[in-house]
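Subject: Handing over a structure, with notes on its fold and pockets

Dear colleague,

I am passing on the structure below, together with an account of what was found in it.

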Amino acid sequence: MADAAVNGTRRVLIAADKFKGSLTAVQVAERVTTGLRRVVPGLAVQALPVADGGDGTVDAAVAAGFERREVRVAGPLGHEVTAAFALRGDTAVVEMAESSGLQRLPAGVFAPLTASTYGSGELLRAALDAGARTIVFGVGGSATTDGGAGMLTALGARFLDAEDEPVTPGGGGLAELARADLSGLDPRLSSVELVLASDVDNPLTGPKGAPAVYGPQKGASPDDVAALDAALAHYAKVLEEAIGPRAAEYAVAPGAGAAGGIGYGVLLLGARFRPGIEVMLDVLGFAPALERASLVITGEGSLDAQTLHGKAPAGVAAAARAAGKEVVAVCGRLALPPEALERAGIGRAYPLTEVEPDVARCIADAGPILERVAERIARDRLG
């Protein structure tokens, strides 16, 4: 902590997630830095954009010094897209939303029964081709509910119907699954450390499973949810026949239901499940940056009850509190009482709506308004 202030100069660490739909995590850091330095010229600021494994994870890794690699892969509907992963040395950060995310669907189009994670498997294969020995696989924001079957297929598995033909892509097609063959999986997977990074711990099926909890967000009707839940339960049963009881164990393991059940497929590959923000803070080098800071600014678009369950600001605040650092948060919308913030380790939150009560303007002009919020923080905390 000796480096946190030099000759009375305070050091600020900005470790915030994106404001979804308005600003990337990198842009949040840039705007906050501008606002702070408007009040305290020359202020020492380190920006470390963070993510919890969902969309924006690759961008956060690149901002921390990873190399961005792009590859053409299948999108959730089979059309080709350009997706990115991040690489530094022999560590890769792969984000399933890059290939199989909701943002890869045409506007207003959902495909809950047919969207596939095949492109996510292609991304993992590209990371292996690039020499990765450790792969952090961030999952979230998916358009899919196929239990990772598409991903596994891209990596060499086969899922066949009663006619010994490949089942159709997507979770709906798994209802016709008769036989699973994992013998053709890429052999390199057995010698790689694979980490499943997610902010959810749902099982694969059931009332808290992937179809029931997240299917509606992907356009699934109640009938679709029931069909997908049954199809995924059948998928797990067929896999149990193929590889033994571990297939059933993984189906109820924490994280199996993440991102439409792709978590289940990744666990089948031998991955270790860890909360996404914990993994990313390790990968991004948060600990040494925290040691140098005297004030930590975290945040995301909406600080609400979900924030407290594994989202990036909660992870940042917990680590900062453990190190005895002062933490404040920026956000577009604040839906947590002061006592909840305090329990999370956040001294105060600064929502954009304090500066501009019109929510529509906050969304449209988030950057300039965030600069004004940062000016307030500088006057309150750095004066």
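Helices (H or I, at least four residues) and strands (E, at least two) are here DSSP runs, numbered from the N terminus. Counted in this way, the protein chain holds 15 helices and 14 strands. Its radius of gyration is 22 Å, close to the 21 Å that the globule rule gives for 383 residues, so the chain is as compact as a globular protein of that length. Please bear in mind throughout that this is a predicted model.

As to overall dimensions, the C-alpha trace of the protein chain spans about 75 × 40 × 35 Å along its principal axes. Of the 383 residues in the chain, 55% are buried. When contacts between residues at least 6 apart in sequence are considered, 72% of them join residues at least 24 apart.

One hairpin deserves a look of its own. Strand E4 (residues 67-74) and strand E5 (residues 80-88) run antiparallel and are joined by eight bridges, and Ala 74 has Glu 80 in E5 as its bridge partner. Five residues lie between the two strands of this hairpin, in which Gly 78 takes a positive phi near 95°.

By class, the lining of the largest pocket divides into six nonpolar, 15 polar and eleven charged residues.

The second largest pocket has a volume of about 290 Å³. It is lined by 22 residues, of which Ser 116, Gly 150, Thr 153, Val 167 and Pro 169 are the closest to its centre. Here the elements that give two or more residues to the lining are helix H5 (149-154) and strand E8 (158-160). The lining of the second largest pocket has twelve nonpolar, eight polar and two charged residues.

With best regards

How values were computed. Residues numbered from 1 in each chain as written. Predicted model: local features only at pLDDT ≥ 70, side-chain atom pairs only at ≥ 80, totals over all residues. Heavy atoms only, no water. Pairing = 2+ DSSP bridges. Nonpolar A, V, L, I, M, F, W, Y, C, P; charged D, E, K, R; others polar. 1 Å grid on protein atoms, 1.4 Å probe; cavity = no way out; pocket = protein on both sides within 12 Å on 5 of 7 lines; lining within 4 Å. Points joined across faces, edges and corners; volume = space filled by probe spheres on them. Rg over C-alpha atoms; globule rule 2.2 N^0.38 Å. Buried < 20%, exposed > 50% of the residue type's maximum accessible area, 1.4 Å probe, protein only. Contact = heavy atoms within 4.5 Å.
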